[in-house]
Amino acid sequence: MTPRPLPAANDLSVASRSLPTGLRRTNFRRLADRGFGDQHNSYAHSMSWFRGQLYVGTTRNMFQLVHLAPDQSTDSFHLWPVPVPPGLDATRLEQNCQIWRATPPDGRFEMTFESPRVDSQDGAHRVWRDFGYRSMVVCQTASDASEALYVSAMSSSKAPGALILRSVDGVDFQPVTEPGMGDRGISSYRALVGFKGRLFAAPAGSGRMWSNAVATVVLECRDPLSRRWIPVTEPGFGDPTSAGVFELAVFDGHLYAGVSNPFTGIQVWKTDAEGNPPYRWTQVLTGGAGRGKLNQAVMSMFPFKGALYVGTGIRRGGYDREFKTGPAAGELIRIDAEDRWELIVGQERRTPRGDVQPVSGLGPGFDNPFNGYIWCMAEYDGCLYVGTYDSSIFLWWIDPGRVPRGAHTRMRLIGPQKIVEREAGFDLWRSPDGVRWFEVSRDGFGNPYNYGVRTLLGSKSGLIVGTANPFGPEVAVRTATGWTYAPNPRGGLEIWMGRPDFAEESSGDGPSGGAVNVHYDRAMYEHPLLRSGEYLSFSRFSNYGFWQEETPSQKEACENLMERLLGFLPERRGSILDVACGQGATSRYLSRFFGAPNVTGINISAKQIETCRDTAPGCAFLLMDATSLDFEDESFDHVVCVEAAFHFRTRARFLREAFRVLKPGGRLVLTDMLFTRAAESRSPVLDPRNHVGGPGAYRDLLLRAGFEEAQVVDATDECFLRCNDHFIRYALMKFLDDELEPAGFSAVMANRLAILLSVRSYLLAVARKPWIPGDRGPMTMTERPTRGAHRPPWLEDLMKRDRKKEEEQHGRMGRSAKAHWLLASVTKKQSQLHRELSLLLEKEAEAHDALDQWDRRSAPVTPAADRTAPGAEDPAAAAAAGGSADVKSAGVARLEARAHRDLALRADARTLWHKTVTALLLRRSVPGGARVHPPAAPGATDDGHE
C-alpha cells in the first residue's frame, strides 16, 4: 500500500544493454477484418490458444445494445453512430455471438460455435441465449482429464441469465453453470481465471445493466461439472460502496482482484486461496492510488517481470455522468510482491504518503486525454504491450453545444475534426522494462473506427491483437442535407498478428508524418522562392541559421548555426545521430568533423531521405520516427536535432528516446521553436501537447528526461528574426524584378506574417546524459577535467548584455502584444479581401470566355475578292465591319481588365508586405524570453502575452 519506487524503477541513468527492442507497426499483419465478414461482430471480446489453434469470442451489435440500455444518454449526439431500428428491443436484436478459430498466420478463420436460441424469461419469445463471449481461459480442474477451454458469456435482459461454457474439443460448448448461477439478474461475468486447479469468476450485470455489478464477490468452482460455485469473499470486501470485481489475475502465487468503487476509487486485494472459503484477503491498494474516483475501475491486470501491472479507467469511455466523474484518461500502476506500488503512467499528485510522479514521464492515457481505459495487456518476446480505448472518434457525432461546460476543453479550442484526425483509433504501446515506453500505433492500425484494443494475447507464435470496432455495417455521416447513415466498409472487429519476421506490407506502414511531411516536402520542393535552391546558394540547408551583422547569405547563416551547435561539444569525435536531417545538408556538415561513416541521419519523409543520400554520400540515412527510434540503447556519442522537435508527437517522447540512445556522457544538441497556444491548437503541423512556457520550462523538460548540465539560450533575434528580415527583403527584390508573381508574393508574405505572429522563441539547447558511476566510457579520457557545463566562447559573448536596455525594451512588451492582436485582426480582414478578389477574378475569367466564344461566332467570313471591291454597299458586309469594331473594343476592354487585375494583385501584395514588415519590427522590439525573465505578476502565465 506504500507508494514508493520499486528497486529498479527510477534508475534511468543505468541503461540495460540487453533490453529487447520489441515489435514496430511494420511487424503487424491483419489476419481478419470486417467482423470475419459479418460486420455485426463488434468486439473480439476474448481470445485464447487451445490445442494449437487461436479461438476468438465475439460480441455483436454492441452499439445497438448500448442504445437500448437505460443508463446510456444519447442527448449529446447529432445522430447515434449506428442505425437503431424503431421499436428495437432485445428480442429483435441480432445477438447470435460466435466463436471463431484459426491457425495463424496462414490459416483462415472458421466459425466453430454460435449462440443458440432459447425461450425468454417470460416464455413469450425466442431469443439468443448469449450476445457476447467475454472471457476465455484454458484450465484443468477436477472435472477435466486434460485441459479444457472455458468461456464466460453475456446475456440480454430477456434471456434466462449468463452462463459459463466448457469445451474439450473446441467445437461442442456445454454450460457448467445454471443461468446466472441461480440468479437470473446476473447477465455477465467480467473475469474468469484458473488458479490452483480451480476456476474463479466475477459476476456482473442486473437485467439490462450488463455492464454493472450485481454483487462485489468472487466465486470459486473446484469441479465445474458439478455446477457448484461458492463465494470466497465477503460482500464488497467489507465496503458497501464497492461496485464490482472488474478484473482477476494471478501473480506471485496469489489471486488478485481489482475492485471498482465510484466513490473512493479502485481497490486491489490478494489471497493465496488456501484454507476454507471465504479466504483471507489482503488489501494491496485503495483510494484509487491517491487519485480517488478518477481511478474508478480496474480495467486490466497483468504480471510482467516481477510486478503486477494494473490499468485503470472510468466506465462509459472515461466519462461517467451518473457519478459525475471525468472526463479523465486511465493510468498504469504496478505492484510488486511486497505490496509496494508506483505510478508508471499517470497524473502527478500529492498524497498523504508523499508526492507521486509517473516514473515513465507519461501523463494519463499515455499523454492522450481520450484514452479512457488502459484496456488490456500482454507479454511477448520480453516486452509488455498495452492497448487502450480511445473515445476521440465520437467527436464526429457529438454536438459541441451539448457538451457540458468544462468537459474536454480541447474539443472547444481545437475543434472535433482536427482531434479526430490526430487521435482517432486505439493506442498500442510497448515497454521492455515497464519504464521506457515506445509507441507502436496511435491510429488503430490505420482505422479510426478501431477505437479499442479489446484483447491482447502473447505466445511463441506471435502477439495477437483483437480490436473493438462497433461501427458497422452502417455509420452516421454528415452530408449537405444533414445527418444520415451510409455503408461503412471499415466497420467490424479486426484481428492482427505481430511477429519480428513479418515484413512491411506497404509504404503506408512506415513512419508517417502526415501533415508535417506534406508541409516540408512542399516547402523544400515546391515553394516559389526555395524550390530553385538559389536563396540557400544551392546548399540544401533548410533552417533559419545564426545571423551576425556581417553574415552575407542564408547559407553562411546555416553554417554559422551548425558551428555554434558543435561549439557545445568539447570533443568532435565519435558517432552522431542527425534527427530530422532534412535534405542532408546538416549531415554533410557534420561529416566534415566526425567522418561520413560516423554520421547517421533519420527522417520521416522518404522523398527527403533520397535527397539526403545524394547530398551527403557515405552517411547513413534511415526512414524513422524520432519518437520511436529503432536503435539499441547507448548507440551514439552525440545527438543533434535542428528545428524539428516542435513537430514531434511529442517533444518529451523524443527527449526520452534521445536519452536512451546516447552513451553515458554523450550530449544532445538542438535548436527548437516555441509557439503560442493559439498556433499549436490550430496548426495541423503542431501539437498542443508540445507547449512549453519558455526557456526555463524547456530546461526543466530536459532535466525530467534524465539529462544534466542543461543549458537553454534564447536566440530569437540572432536566428529567427534576422532570418525573416533577410528573407522578406529577398522576396521583395524578386517581386520588384518581376521574378515572382503578385499572387505568389502575397502567399509568401501571408505565410511569413502568420509565422511571425505564431513563434514565441527560438532556442538553442544542450544537455548531457549522466555518467554511470565507475564506468569509464569511450569519451572519459578526453573529457574535460571540470564537471560543469561546457560553455563555448560565442555563448559567453551572447550572454553579455546591458540590463538597463533590456528593462526599457521589456516596458514595450505590452504595447507590442496589443499590436500583435491588431495585426492578427487586420490579417483576418485581409483574408476576406483575398476571397473577394478571387471571386472577382473568377467572374472576369467567365466574362473573357464568353467574349472569346462571341468572337468565334461573329467573325466575318466575306471572301477576299468581295472585301477589296471598291464601293461595295452590301449591308451584310457593313454589319460585319461593325461587328469587327465591336470585337476590337472588347479586346481593349479585356486588356484594361487584365491591367486592373494586375494592379489589384500588386496592391494586395504590397499591403501584405507592409503588414509583415510591421510585424517583424514589432518582434524586433520585444526582448528575447531567455535573456529577460521579469517576475510574473500574480496569476500571470508564461504565455500571457499571446
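This is a predicted model: local features need pLDDT of at least 70, side-chain atom pairs count only at pLDDT 80 or more; totals for chains, interfaces and linings use all residues.
Visitor: How many residues of helix 10 are buried, and which are they?

Guide: Helix 10 (residues 651–661) has 9 of its 11 residues buried, so helix 10 too is largely enclosed by the rest of the structure. Its buried residues are Arg651, Arg653, Phe654, Leu655, Glu657, Ala658, Phe659, Arg660 and Val661.

Visitor: How should I read a nonpolar core, and which residues have the most contacts inside the largest one?

Guide: In soluble globular proteins, nonpolar side chains tend to be buried together. Here the largest nonpolar core has 57 residues, and those with the most contacts inside it are Leu561, Leu565, Leu590, Met673, Phe720, Tyr762 and Leu764. At least two residues of this core come from each of helix 7 (554–566), helix 8 (585–594), helix 9 (606–615), strand 39 (636–642), strand 40 (662–675), helix 13, helix 14 and strand 42 (759–768). Helix 13 gives the most to this core, with 10 residues. Another core lies apart from it and has 33 residues, among them Ala644, Ala645, Leu655 and Ala767.

Visitor: At what angle do the axes of helix 13 and helix 14 cross, and which residues meet there?

Guide: For a pair of helices, one reads the crossing angle and then the residues in contact. The axes of helix 13 (residues 716–736) and helix 14 (residues 742–758) come within 10 Å and cross at roughly 170°; an angle over 145 degrees counts as roughly antiparallel, and the two helices are therefore roughly antiparallel to each other. From helix 13, Phe720, Leu721, Asn724, Phe727, Ile728, Ala731, Leu732 and Phe735 meet Pro742, Phe745, Val748, Met749, Arg752, Ile755 and Leu756 of helix 14. By class, this contact has 13 nonpolar, 1 polar and 1 charged residues.

Visitor: Where are the cis peptide bonds that join Pro277 and Pro278, and Arg649 and Thr650?

Guide: For such a bond, one reads omega and then finds the element or loop that holds it. The cis bond between Pro277 and Pro278 has an omega of about -5°, and Pro278 is placed in the loop between strand 19 (267–271) and strand 20 (282–285). The bond from Arg649 to Thr650 is also cis, with omega near 5°, and Thr650 is in the loop between strand 39 and helix 10.

Visitor: Is Arg51 buried or exposed, and what is its phi?

Guide: Arg51 counts as exposed because its relative accessibility is 54%, and its phi is near 55°, a positive value in a residue other than glycine. Arg51 is found in the loop between strand 3 (41–50) and strand 4 (53–60). Arg227 has a positive phi near 60° and is placed in the loop between strand 15 (219–221) and strand 16 (230–231), but at 35% relative accessibility Arg227 counts as partly exposed.

Conventions
Residues are numbered from 1 along each chain as its sequence is written. Side-chain values use heavy atoms; hydrogens and water are left out. Axes are lines fitted to C-alpha atoms, for helices over the stretch in contact, and angles run from 0 to 180 degrees between N-to-C directions. Helices (H or I, at least four residues) and strands (E, at least two) are DSSP runs, numbered from the N terminus. Angles under 35 degrees count as roughly parallel, over 145 as roughly antiparallel, 65 to 115 as roughly perpendicular and the rest as oblique. Contact means heavy atoms within 4.5 Å. Ala, Val, Leu, Ile, Met, Phe, Trp, Tyr, Cys and Pro count as nonpolar, Asp, Glu, Lys and Arg as charged, and the others, Gly among them, as polar. A nonpolar core is a set of buried Ala, Val, Leu, Ile, Met, Phe, Trp, Tyr and Cys residues joined through side-chain atoms within 4.5 Å. Buried means under 20% relative accessible area, exposed over 50%, partly exposed in between (1.4 Å probe, protein chains only).
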